[in-house]
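Dear colleague,

I am passing on a structure that I have been reading through, and I would be glad if you would look it over before going on to my notes below.

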Amino acid sequence: MQIPRLEIRDIVKSFDGRVIVDHLNLTVMPGQVTCLLGPSGCGKSTTLRIIAGVEMQDSGTIHVDGQLVCDTVHRVPPEGRSIGLMFQDFALFPHLTVAQNVAFGLHGKDNRPRVESLLTRVGMLRYIDSYPHQLSGGEQQRVALARALAPKPKIMLMDEPFSGLDDRLRDEIRDETLEILKDEGTAVLLVTHEPGEAMRMADEIALMRDGQIVQRGAPYNIYNAPVDLQAAAFFSDINVIHGNVQGALTDTPFGQFLAPGVPDGTDVDIAIRPQHLKIDFDRGGRGPSPTAQDGTAARGVVQRARFMGASSLIEFRMDFDGSVLRATVPSVFLPKPGTPLWIMIRRDRCFVFPHKGMG
Ligand SMILES: Nc1ncnc2c1ncn2[C@@H]1O[C@H](COP(=O)(O)OP(=O)(O)OP(=O)(O)O)[C@@H](O)[C@H]1O
């Protein structure tokens, strides 16, 4: 069995009596990109700082390639952990040239050929004698990557390193950065609060909430099989329909939904992403005749329709209880407010959870 490049076990960290990292376990395999994804304040940066060795955990262990680097007794200092850092606040030194900044990553050794080869790798060789203020944000980011790669780290920790860049440049730089890190076989642990960024970059997403990992998996699985309503809602706007279970089934205005294993009498939330609502015409009030997979159609009236470029966002007020549901459809369709339409919910695209509220 392959040894994880990074393994953290049962890490706990409190500040002022408040638990910020709560028995957290995480592994990253060589060449793998794992994104620690979660809302602001859930403890992502603290976790990364503990792994880097700039913060000390209260309990738990960290192993790199099977070697213990930190428990509560034994502690390898940050520079001995084979860990590279690209943090938002870990900027280039303004008074040093590009070459000197990269050489800093070599622990100050003035190894010109190695500096040149790193700068070539990130496409920045021609700026070797420039100063940071002469570079754009994206160029500075490339130099920061060269500096972080210089000591050949086994693991790269990245804390929202691209958030200062504008959208188009950010996509370009992060794709390039990942390609380089994968080529080098570096394991990457990247912190972000943006689901889109995590899905784009990660081999595996670790979804974090209140200091704990609530779900781990490939982006496709996390998006399509969320562990609870909050996890579903973290990735997109979400529609929720309420029901109550009787005999493993829930009756709703959209027909019956399966709720296997849920005890009778349990209130459930049925969650569906806006792009998975199916819309059909009114046909003089008769509506469509849906298939078994679509369940029953329910009528709503368009309250608002917004053109969003590739798609339209349509808000319906539902006849059955006046609630609002949102659908996204290709933007060739932009109905007028007041238009009656019928909505169906695809059974294979919705998630049924026991009702807990959104916390
Ligand atoms: N040194 C510290 N002393 C006291 N509280 C701290 C310290 N460091 C972090 N915290 C608290 O721990 C909580 C989690 O912070 P952390 O920076 O890890 O969250 P995060 O998930 O990275 O959030 P963000 O995405 O906003 O950076 C916050 O409430 C923060 O105020």
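Which residues of the largest nonpolar core touch the most other members? Of its 58 residues, they are Cys-35, Val-102, Ala-146, Ile-155, Leu-157 and Leu-189. A nonpolar core here is a set of buried Ala, Val, Leu, Ile, Met, Phe, Trp, Tyr and Cys residues joined through C-beta atoms within 7 Å; a residue is buried if 20 or more other C-beta atoms lie within 10 Å of its own, exposed if 12 or fewer, and partly exposed in between, with C-beta atoms placed from the backbone. Helix α4 (residues 137-149) gives this core its largest share, six residues. Apart from this core lies another, of 26 residues, which includes Leu-229, Ala-259, Phe-316 and Ile-343.

Please keep in mind that this is a predicted model, in which local features need pLDDT of at least 70 and side-chain atom pairs count only at pLDDT 80 or more, while totals for chains, interfaces and linings use all residues. Residues are numbered from 1 along each chain as its sequence is written.

If we leave aside neighbours within four places in sequence, Ala-146 is in contact (C-beta atoms, placed from the backbone, within 7 Å) with Val-102, Leu-118, Leu-119, Arg-121, Val-122 and Met-124.

Helices (H or I, at least four residues) and strands (E, at least two) are DSSP runs, numbered from the N terminus, and two strands pair if DSSP finds at least two bridges between them. Six strands form an open sheet with mixed pairing, in the order β6-β7-β8-β3-β9-β10. Because β6 (83-87) and β10 (212-217) stand at the edges with a single partner strand each, one side of each is left without a neighbour in the sheet. Within this sheet, β3 (residues 33-37) and β9 (residues 204-209) pair in the parallel sense over four bridges, and Leu-37 stands opposite Leu-207 in β9. Helix α4 lies across β6 and β7 (155-159), running at about 160° to β6, where axes are lines fitted to C-alpha atoms, for helices over the stretch in contact, and angles run from 0 to 180 degrees between N-to-C directions.

Two loop residues also deserve a look. Most residues other than glycine have a negative phi. Asp-210, in the loop between β9 and β10, has a positive phi near 45°, and Asp-210 is partly exposed, with 15 other C-beta atoms within 10 Å.

With best wishes

Terms used. Two residues are in contact if their C-beta atoms, placed from the backbone, lie within 7 Å.
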